[in-house]
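Visitor: Could you walk me through this one? I'd like the packing details and the cut-offs behind them.

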2 protein chains.
Amino acid sequence: MDITTTIGDMARAAKAAARSLATCSRPRKDAVLLDIARRLEAATARIQEANRRDLEAATGAGLSAAMLDRLTLSAKAIQGMADGVREVAALPDPVGAATGAWIRPNGLEVSRVRIPLGVIGIIYESRPNVTVDAAVLCLKSGNAVILRGGSEALQSNRCLTAIIQEALEAHGLPRAAVQAVPVADREAVQALLQQEDTIDLIIPRGGEGLIRFVVQASRIPVLKHYKGVCHVYVDAAADLSMAQDIVQNAKVQRPGVCNALETLLVHTAVAEAFLPPMARRLTAASVILRGCPETRHWLPEAQPATKADWEAEYLDLILSIKVVSDMDAALQHIARYGSRHTEAIITRDFTCARRFTREVDASVVLVNASTRFNDGGQLGLGAEIGISTSKLHAFGPMGLEELTTTKFVVLGDGQVREA
Amino acid sequence: MDITTTIGDMARAAKAAARSLATCSRPRKDAVLLDIARRLEAATARIQEANRRDLEAATGAGLSAAMLDRLTLSAKAIQGMADGVREVAALPDPVGAATGAWIRPNGLEVSRVRIPLGVIGIIYESRPNVTVDAAVLCLKSGNAVILRGGSEALQSNRCLTAIIQEALEAHGLPRAAVQAVPVADREAVQALLQQEDTIDLIIPRGGEGLIRFVVQASRIPVLKHYKGVCHVYVDAAADLSMAQDIVQNAKVQRPGVCNALETLLVHTAVAEAFLPPMARRLTAASVILRGCPETRHWLPEAQPATKADWEAEYLDLILSIKVVSDMDAALQHIARYGSRHTEAIITRDFTCARRFTREVDASVVLVNASTRFNDGGQLGLGAEIGISTSKLHAFGPMGLEELTTTKFVVLGDGQVREA
């Protein structure tokens, strides 16, 4: 059977399963989740056997050590997945909550009630733990999910999906609630992106190339972010010691993630006092510095920064630095080069803090805190299925609530419309 | 200059204007709106002169009388537009409201604050009053807008946009906050749909063909509904007199709109008592009836209904009728043929009402009320820019709040992330 037919059948089965999930009670959903956690622990050997086949193929194909590391499911990683599932089970169920209710002059009672989105398609790259994370977040929020992981994790993902399906079946829920695309070529992705009558949302997770491909090919709404070019602006009124700690954390603690700092903006009034000690600390942590002319006046060792640096998401131990004449210049730079992901100001000045939070167009705007806090767990959403820099539906980290929508329920006693 | 360059320039200007609008206070936005209303009234002759040129061209091109009627801006229609603008000015400003706020264990204060979406592109067909409606809803919610109306209303739309821009300029706001695409060909639409770096949302309003074209060509998120195949289910426990009034209203009061009734489902236990008197009333209002075999047993005059009838959005005085053996069959029919737009049950039975509102997947689900109430004004949103049957961002009527999103504002005193 060709892949387009297969994907169409999977999507229709998912839509049917979504009908059952939409009215599934919280205790039943949580019971399935806890069962999945138990089964993952019990199946450690089976998962590692499937993972070993992926690792062999990947080694044969010459994947880098870093890629192999991301692909590997150690016993500890499997325990981590099971623990993660239990954490999601403990979160509140977003489905059924009313977000508002009112009575119209004609007596109609109107409420808006949270419901699952329906069927979600997730397209991701190597790490197989995304399979379990994504599946349980979708299940908890009452959604069916179709997973399309990377080709290098095909056996691992199949095995993990099978374990989840066994738990679903044991609790009388349809196996089609969680399905994995059986092949990993682009044709399968293309076919998936055409199922607009059955799939409600596509979430791509991976590099910018994958995401641009998905956005261009999809007829289904896509929640995504391309990249995170995040700034910290050290204001004239900053506590410079706090600014050092925050910049160091934002750049160094985990440089390869989207909420890491990429460009540092420094008010000219504090450049002399702030930049040399900051540079010493960053350089000690192996960070390469690139700067504007004024930066290089204070830090002659820094390389010159070009326009490409202001646009870059390095995801690496590189930092571009620009000295700005005032807050307007900082806001202007962020408006031009920012990716609407995460922006922070360090200041003791109330007016500057207030202006920054109001005027900066980003999903998370922080005062006196590290950009690394743009994360569903860190901000208190309990979990995260991704971060959106589109403004539609969700802007910023997406938790369980962002996997739902609302419908209007209207109760009447015979009202008809006059005009 | 070619149209792609022009559209790119317009979109960049709109994005710059959106920055000013985002922090514009409510009194200032309302002052602009009230000024637009006054200017529309004062410019009645000028608007009608532009409209006359469109009407002459349309008459020459042989447009139908119905199309000419929709295109005509009478003095009364212009007064209606001005009144509509004043109504929007009186609505609350959605921007700036916090939708939630909490404190994290590490002391970070997190809030989610409503902000405008940014730049909205609206693609619509003939009626020029949409130009004013859409522009003021976008302005009130702090968004810049690019309008692309139908070719037959080009002069009218240009004139209305110029009047709005004059009001913006008089209040020191950028003219680029409201712009009209200067030509009306598909190439301009294509160019508009590629501006994903500057336009945040596309709303197409028109026939299914236009909307499918937009969804396929757009890299920008699209809020839309293709069609409304709306059902009323008359349950075994229905008040049959109430059911008659609601069915009559839902089908006959304004048959050409998306929330009109298209298929009537009747429980077999009440078919004999309900159908013949209902049919007499509908027939007296010139409604043509098409039915399933059991329907035709009670209404031999009805034509046989085919699968095409269950899928049809007639937008006309035609009604398809199906007798169902029980509520499961009604829910099954709606799940298969419904368009997730509007669905109603008529019943006195609490359990049936509750089950219907929970299980039916539609943007508005009603008990004992007409489908015609799926409308932003009728449900109390104050205004409406469209109805979405996509589940992303908005599901159902979209008012001012649906033209906003939320960003996270995080206030700290030096927090950094440990893991």
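Visitor: Which residues in α6(B) do B:A77, B:M81, B:G84, B:V85 and B:V88 in α5(B) meet?

Guide: Heads-up, this is a predicted model: local features need pLDDT of at least 70 and side-chain atom pairs count only at pLDDT 80 or more, while totals for chains, interfaces and linings use all residues. Residues are numbered from 1 along each chain as its sequence is written, with chains lettered from A and ligands numbered from 1 in the order written. Helices (H or I, at least four residues) and strands (E, at least two) are DSSP runs numbered from the N terminus, and a contact means C-beta atoms, placed from the backbone, within 7 Å. On that basis, the α6(B) side is B:N129, B:V132, B:D133, B:V136, B:L137 and B:K140.

Visitor: By class, how many residues of the contact of α5(B) with α6(B) are nonpolar?

Guide: Ala, Val, Leu, Ile, Met, Phe, Trp, Tyr, Cys and Pro count as nonpolar, Asp, Glu, Lys and Arg as charged, and the others, Gly among them, as polar. Two residues here are polar and two are charged, and the nonpolar count is seven.

Visitor: Are α5(B) and α6(B) roughly parallel or roughly antiparallel?

Guide: Axes are lines fitted to C-alpha atoms, for helices over the stretch in contact, and angles run from 0 to 180 degrees between N-to-C directions. α5(B) (75-90) packs on α6(B) at about 10 degrees, with the axes 10 Å apart. Under 35 degrees counts as roughly parallel, over 145 as roughly antiparallel, 65 to 115 as roughly perpendicular and the rest as oblique. So the pair is roughly parallel.

Visitor: What is the strand order of the open sheet of four strands in chain B?

Guide: Strands pair if DSSP finds at least two bridges between them. β5 (178-180) and β6 (201-205) of chain B are the edges, each pairing on one side only, and β3(B) (119-124) joins β6(B) over five parallel bridges. Put together, the order is β5-β4-β3-β6.

Visitor: Which strands of that sheet does α6(B) touch?

Guide: Helix α6(B) (129-140) packs on the sheet, with its direction at about 165 degrees to that of β4(B). α7(B) (154-170) also lies across part of it, namely β4 and β5 of chain B. For α6(B), the list is β3, β4, β5 and β6 of chain B.

Visitor: Which residue in the turn of the β1(B) and β2(B) hairpin has a positive phi?

Guide: β1(B) (98-103) and β2(B) (109-116) run antiparallel, joined by five bridges, and B:G100 has B:R112 as its partner. Five residues lie between the two strands, and the one with a positive phi, about 95 degrees, is B:G107.

Visitor: Which strand gives the most to the side of chain B that touches chain A?

Guide: The contact takes 56 residues from each of chains A and B. α9, α10, α15, β13 and β16 of chain B each supply at least two residues of chain B's side. The top contributor, with 11 residues, is β16(B).

Notes. Two residues are in contact if their C-beta atoms, placed from the backbone, lie within 7 Å.
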